[in-house]
Amino acid sequence: MSKLRSVLVGTALAGALAAGIAAAPAQAATASAVSTASTASVSQAQYAKHWFSGYSSFGRGESRGERSEYKGYWYYSNGRYYFDIEARDHDRDRENTYVDFSYHDNGGWHTRRFATGGHGEWKFNISARGGFDGFRTHIGEGNNRDFDWGNYYRHSF
């Protein structure tokens, strides 16, 4: 009787184990489908960043490595364009660094100037309702009218 009981318990245990192994792939597939669906909805809620950058020109006695630079990105969300711009002055010569951000809409061109003595970051947004259709940026460095302006970065929508 003891052998029969052991065989039955062993068979029941083996059957339960086999049923669990058979069910595991189905559960994993269901969990994977749910995970994929939630990942897809999160990625759809994310926005695509678009990067831009530039350097100032360099004056007498400056090397290319001593120029000021800016880096930034923009993205579109809920009817607005969001911008994040960061500027650095690499030569630490106590001259100001200027970033001109100009944008175009139904009212023409509008310019915003940002200034920093060494490092600065600016975040702002613009509504798409006014016909916003493009922007341009450039950076300069100096303390007088000669700012060693760099080339424009231009983007149209």
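Q: In β6, which residue is the bridge partner of D84?
A: That's K123, in this predicted model. The strands behind that bridge, β3 and β6, pair in the antiparallel sense.

Q: What makes β3 and β6 a pair?
A: Two strands need at least two bridges between them to pair. β3 and β6 have nine bridges, so they qualify as a pair.

Q: What are the two faces of β6 like?
A: One face is covered, with G120, W122, F124 and I126. The uncovered one holds H119, E121, K123, N125 and S127. As background, side chains in a regular strand alternate between the two faces of the sheet.

Q: Why is N78 called exposed?
A: The cut-off for exposed is over 50% relative accessible area. N78 comes in at 74%, so it counts as exposed. You'll find N78 in the loop between β2 (68-77) and β3 (80-89).

Q: Which strands form the open sheet, and in what order?
A: Four of them, running β5-β4-β7-β8 with antiparallel pairing.

Q: Why do β5 and β8 count as edges of that sheet?
A: β5 (108-116) and β8 (153-156) each have a single partner strand, so one side of each is left without a neighbour in the sheet. As for the angle, neighbouring strands of this sheet are turned by 15 degrees against each other on average, direction ignored.

Q: How do you know that β4 and β7 are paired?
A: The requirement is at least two bridges. Nine bridges join β4 (residues 96-105) to β7 (residues 134-142), so the two are paired, and they run antiparallel. Within β4 sits D100, and D100 stands opposite H138 in β7.

Q: Is D100 buried or exposed, and what makes it so?
A: Buried means under 20%. D100 has a relative accessible area of 8%, so D100 is buried.

Q: What does the side chain of D100 make a polar contact with, and why does that count?
A: The partner is the side chain of R113, at 2.7 Å. The limit for the N or O pair is 3.5 Å, so this one falls within it. Leaving aside neighbours within four places in sequence, D100 is also in contact with other residues, including T111, R136 and W149.

Q: Where do R113 and R136 lie relative to aromatic rings?
A: R113 lies over the face of Y98, at 5.5 Å from the ring centre. R136 lies over the face of W109, at 4.3 Å from the ring centre. The distance limit is 6 Å, so both values are within it.

Q: How many aromatic pairs are there?
A: The count comes to 21.

Q: Why is the pair of Y103 and F132 called tilted?
A: The ring centres of Y103 and F132 are 5.9 Å apart, within the 6.5 Å limit, so they pair. Their planes stand at 55 degrees, which is neither under 30 (stacked) nor over 60 (edge-to-face), so the pair is tilted. Y103 lies in β4 and F132 in the loop between β6 (119-127) and β7, so the pair ties together parts that are 29 residues apart in sequence. Both Y103 and F132 are buried.

Q: Why does G142 count as buried?
A: Its relative accessibility is 2%, against a cut-off of under 20%, so G142 is buried. G142 has its place in β7. Apart from neighbours within four places in sequence, G142 is in contact with E95, N96, Y98 and F147.

Note on methods:
Residues numbered from 1 in each chain as written. Predicted model: local features only at pLDDT ≥ 70, side-chain atom pairs only at ≥ 80, totals over all residues. Heavy atoms only, no water. Helix = DSSP H or I, 4+ residues; strand = E, 2+ residues; numbered from the N terminus. Buried < 20%, exposed > 50% of the residue type's maximum accessible area, 1.4 Å probe, protein only. Axes fitted to C-alpha atoms, helices over the stretch in contact; angles between N-to-C directions. Polar contact = N/O pair within 3.5 Å; in protein donor to acceptor, adjacent residues only side chain to side chain. Contact = heavy atoms within 4.5 Å. Phe/Tyr/Trp six-rings, centres within 6.5 Å; stacked < 30°, edge-to-face > 60°. Lys NZ or Arg CZ within 6 Å of the ring centre and 35° of its normal.
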